[in-house]
Amino acid sequence: MVAILSKIATSDGHGEKSPYFDGWKAYENNPYHATENPDGVIQMGLAENQLCFDLVQDWLKNNPQASICSAEGLYKFRDIANFQDYHGLTEFRNAVANFMGRVRGNRVTFDSNRIVMSGGATGAHETVAFCLADPGDAFLVPTPYYTGFDRDLRWRTGVQLVPVPCDSSNGFKITRQALEAAYEKAKEDNIRIKGLLITNPSNPLGTFLDRDTLTSLVSFINEKNIHLICDEIYAATVFAGQPDFVSVSEIIEEENVVCNKDLIHVVYSLSKDMGFPGFRVGIIYSYNDAVVSCARKMSSFGLVSSQTQHLIAAMLSDNEFVDKFIAESAKRLATRYKQFTWGLEQVGIGCLKSNAGLFLWMDLRQLLKEQTFEAEISLWRVIINEVKLNVSPGSSFHCPNPGWFRVCFANMDYQMMEVALSRIRTFMLKNKESATPTTTRPKKKLCWQTSNLRLSFSSRRIDDIMMSPCMSPHSPLAQSPLVRARN
Amino acid sequence: MTRNHPSTRPEHRKPAGATAMRLVVPLQGVVQGRGGLILGSLIPCALFYFLQFYLKRHRSPGPSSSDPPSPSTSSSNLAELPRTLSRSSLSSTRGSFGPARVSSRANSVAKPTDSLYYIGLDKVKQDPYHRTDNPEGIIQLGLAENNLCLDLFEKWVSENLTDSIMGTNGGDLSISSIAMYQPFDGMLELKVAMAGFMSQVMGQRASFDPSQIILTAGATPAIEILSFCVADHGNAFLVPTPYYPGFDRDVPLRTGVELIPVHCRSSDNFIFSISALDQAFNQARKRGVKVRGILISNPANPVGNILPRETIYDLLDFAREKNIHIISDEIYAGSTYGSEEFISMAEILDSEDFDKSRVHIVYGLSKDLCLPGFRVGVIYSYNESVLAAAKKLTRFASISALTQRLLIPMLSDTKFTQEYIETNRKRIKKMYDSFVAGLKQLGIKCANSSSGLYCWADMSDLIPSYSEKGELELWDQLLNIAKINVTPGSACHCIEPGWFRCCFTTLAQEDIPVVIERIRRVAETSTASG
């Protein structure tokens, strides 16, 4: 007899059968290396932040006591090795609360007693779902959204995700109408909506919500008496020179905002802002005491190693370092973003104007043979196999419009970025030669672009460029009614 | 709508007499053959049903909510928790929908715990014993932690690690390579080191293949992940008693898998019998519950004994016959001090021809290696599908890369680990011998055990009545008068009252006489009055 396994073990809830993972496999089979494999596939599908390791390295050199394995820190070894209280080290919670506040410009403070650990943000999302919803319940999620949610929020919890389509025609903004429509439709289908999940700043868009939109979301969830889960994992990746990021924590403290705080929950992590995904530091910050209590008990399934807690506690309570890190990281991300988008503009590729994140949302609609998801996947395979870049197709994020790709730029050095850009350049020129008239850009556009100063280039102009010849209302490619929005 | 329903018009609110007339008149019609019988029965029935319908609609909180699945006591718990409303949601345009509802799991967890295991642990936190600073505090004997060998680590770290762990010397061990995404189920070098370590711990009598290892953030998620892989919500595991109280919280909480206790007796030294397993299996089947596996701790917790070879053979046969899994938690494999040798499932499966696909071993570094804070657990399985699924599930519970980097050289240093294992065993034995001898002075005997960080003491002579109630009273006296926290057998589902688990590896040698004296306080009053 064969031993029987569970439904969870035998289902596809892990999501690894999706085509999204073909790109990973292509990369793993042939990874780029500057000297050893210069023709390999460049990884641009992993949102990692590697731009500021030198700052962390310096800090570690100057603060050996933060490690329990150094001569200076060894005296703490036994206490730390022995510490398994699921509340976490007090200094760790204080440091994380402090860091979260500073990332938000000290416009809001966080209570260290509400800091609950989890196995990365992955574990945090799953735990919050376990705390808020029963099997069969659902969360509304605006599209496009991070692919991992399909697995992390649904696999073991039995919870469903109901997409709220956001369209490229208005910059993928979340509209009240779309929320209401999705909510009502779910009700008709007898699906019980328990909450709304947003990622702010957004993955994959790289934009963050303005004050009005966020306030309107808060009022929406209060009206429906459903929860609001805000994944703010990219909070410190806002580019230098951009407006301040507005956290949901700020909104609910405002005088004119009516909000039942028991509905508000923040998911956080150090994987993106600090670039420490390997440390598995996930944080659940809930304003609901029952959720804090439940999540804390469940944190036994994914506690942060006390050794890591000790290190993070020291690092994130060093205010001088934290402020310097946040500012420098914001600058480097801004620079990298400008460099990359400029390089793309040179060859006529536009992106959604964004102001945060470790990636950009690239618009390749003009390269699609037809405005369908099949065409998007074919283009994607070309990009992986010929251009040798692992980017992520919009369909893997449930994007309602085909032709968009997420491209990560913070997991590489300047040289690798240049290689990636030159490959794109080559591809676009080749494409132009064999392209039909509607997809060829007129020469005057190139002249117009080269006359632009790099720093003053605004991507609104890119949209103008992209909207003309290729995307004009008269173009047969634009906004075709044949395009099926994927839900 | 129903307010205006004809059936709820004022006529049924008239005095009873008038209503009665309304019934009687049509009934009179029956007698006179005017079809009043039908009206006479229909009208009251209709009134009854419409009354219920009306009341139900106006009792529910609102159209968008449905009846909560959990009992109302839990909802009132939520209402009592301090709520941080900036303004009451009553002022919203749609009106109040009641408190924010969480999941039924969250509701059940919100109830205060009734497990004496956890209550005792909390009490110690409030008033912990300290030899100099708080000599009247509560001495912790309820937490199976091993503090005896931490000095060995300090020595090893200072001799072997410089800044290489933190990567400040650049190169391969730079912070960038440590901090980035790693395989969720652990670095290959650590799996290799762990396989070697586990084999060493088990005296080289079992061998472990690194490709069958999944590393997790502690044994707690290891057990949960295995449960998710082999059982569905509503299925059950058989668990021989007495068992580790943590199973009650860790296994059913999110998996929905029920734990069915299979009672064992002191006459068998608390070793389960196959007939008891069989009986429990059949009883479960009768009430429609599918048993999907057996969960055992070997070496046992709280008793501290080791399963004999024959029992393991019988267990494997039983599992094959019923087509169920065996999850063997072997986390105390290296904490043996007696003359008996520990026999791992792996040792049996290496040498004998049993069906391996249903056996899964759990291990970790919290007990044998005194490193509970580092969160290092192991799933070792012979089933490819379980390994594949478990590997994907480790994304929710991975070991910190920083900790992996520390452990790779440590576990690979076989000279150190061998010395550690031997020293650890010696020190545990020394504590065990002193502690058990001390209890013997008080007339308290312990079960025959040869492993673990605790002893299983029979205090049934001291309990006021031979019942769970009596045991609870003694526990309370020990906690509040003797000021020691021990784990009562009832928290471990022990069927015989009066047994207590006493962990001694968090003590120093000089603390033992203090503990014995304190127990004497209670023992003497109990025997005097008992």
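The legends below describe several close-up views of a predicted model.

Local features are given where pLDDT is at least 70 and side-chain atom pairs where it is 80 or more, while totals for chains, interfaces and linings use all residues. Residues are numbered from 1 along each chain as its sequence is written, chains are lettered from A and ligands numbered from 1 in the order in which they are written, and side-chain values use heavy atoms, with hydrogens and water left out.

**View 1. The two chains, A and B, in outline.**
Chain A has 17 helices and 13 strands, and chain B has 19 helices and 13 strands. Helices (H or I, at least four residues) and strands (E, at least two) are DSSP runs, numbered from the N terminus. Of the 487 residues in chain A, 65% are buried; in chain B, with 530 residues, buried residues make up 54%. Buried means a relative accessible area under 20%, exposed means over 50%, and partly exposed is in between (1.4 Å probe, protein chains only). A contact is a pair with heavy atoms within 4.5 Å. Among the contacts of chain A with a separation of 6 or more, 75% link residues 24 or more positions apart. For chain B, the share of such contacts is 75%.

**View 2. An annotated span of chain A.**
The UniProt record, an unreviewed entry, places the feature "domain: Aminotransferase class I/classII large" at residues 42-424 of chain A. UniProt positions are given in the numbering used here, feature names are shortened, and annotations may be inferred rather than shown by experiment. The end C-alpha atoms of residues 42-424 lie 12 Å apart.

**View 3. Helices α12 and α13 of chain B.**
Helix α12(B) covers residues 274-286 and helix α13(B) residues 309-322; their axes come within 10 Å and cross at roughly 25°. Axes are lines fitted to C-alpha atoms, for helices over the stretch in contact, and angles run from 0 to 180 degrees between N-to-C directions. α12(B) and α13(B) are therefore roughly parallel to each other. Angles under 35 degrees count as roughly parallel, over 145 as roughly antiparallel, 65 to 115 as roughly perpendicular, and the rest as oblique. The crossing of α12(B) past α13(B) is right-handed. A crossing is right-handed if the near helix is turned clockwise from the far one by less than a right angle, and left-handed if anticlockwise. On the α12(B) side, Ile274(B), Leu277(B), Asp278(B) and Phe281(B) meet Asp314(B), Leu315(B), Phe318(B) and Lys322(B) of α13(B). By class, this contact has five nonpolar, no polar and three charged residues. Ala, Val, Leu, Ile, Met, Phe, Trp, Tyr, Cys and Pro count as nonpolar, Asp, Glu, Lys and Arg as charged, and the others, Gly among them, as polar.

**View 4. A helix of chain A against a helix of chain B.**
Helix α12(A), residues 306-316, and helix α16(B), residues 401-412, have axes that come within 8 Å and cross at roughly 120°. That angle makes α12(A) oblique to α16(B). α12(A) passes α16(B) in a right-handed crossing. Gln307(A), Thr308(A) and Leu311(A) in α12(A) meet Leu402(B), Thr403(B) and Leu406(B) in α16(B). The residues of this contact divide into three nonpolar, three polar and no charged.

**View 5. Val322(A) and its contacts.**
Val322(A) is found in helix α13 of chain A, residues 319-346. Val322(A) is buried, with a relative accessible area of 1%. Apart from its neighbours within four places in sequence, Val322(A) is in contact with Phe99(A), Arg102(A), Met315(A) and Leu316(A). Glu126(A) is 196 residues from Val322(A) along the chain, and their C-alpha atoms are separated by 29 Å.

Most residues other than glycine have a negative phi, and most peptide bonds are trans. The bond joining Asn200(A) and Pro201(A) is cis, with omega about 0°. The bond from Asn203(A) to Pro204(A) is cis, with omega near 20°. Pro201(A) is in the loop between β5 (193-199) and α9 (211-224) of chain A, and Pro204(A) lies in the loop between β5 and α9. Lys388(A), not a glycine, has a positive phi of about 60°. Lys388(A) lies in the loop between α14 (373-387) and β11 (389-390) of chain A and is partly exposed, at a relative accessible area of 25%. In chain B, Asn269(B) has a positive phi of about 55° although it is not a glycine. Asn269(B) lies in the loop between β4 (258-262) and α12 of chain B and counts as partly exposed at 22% relative accessibility.
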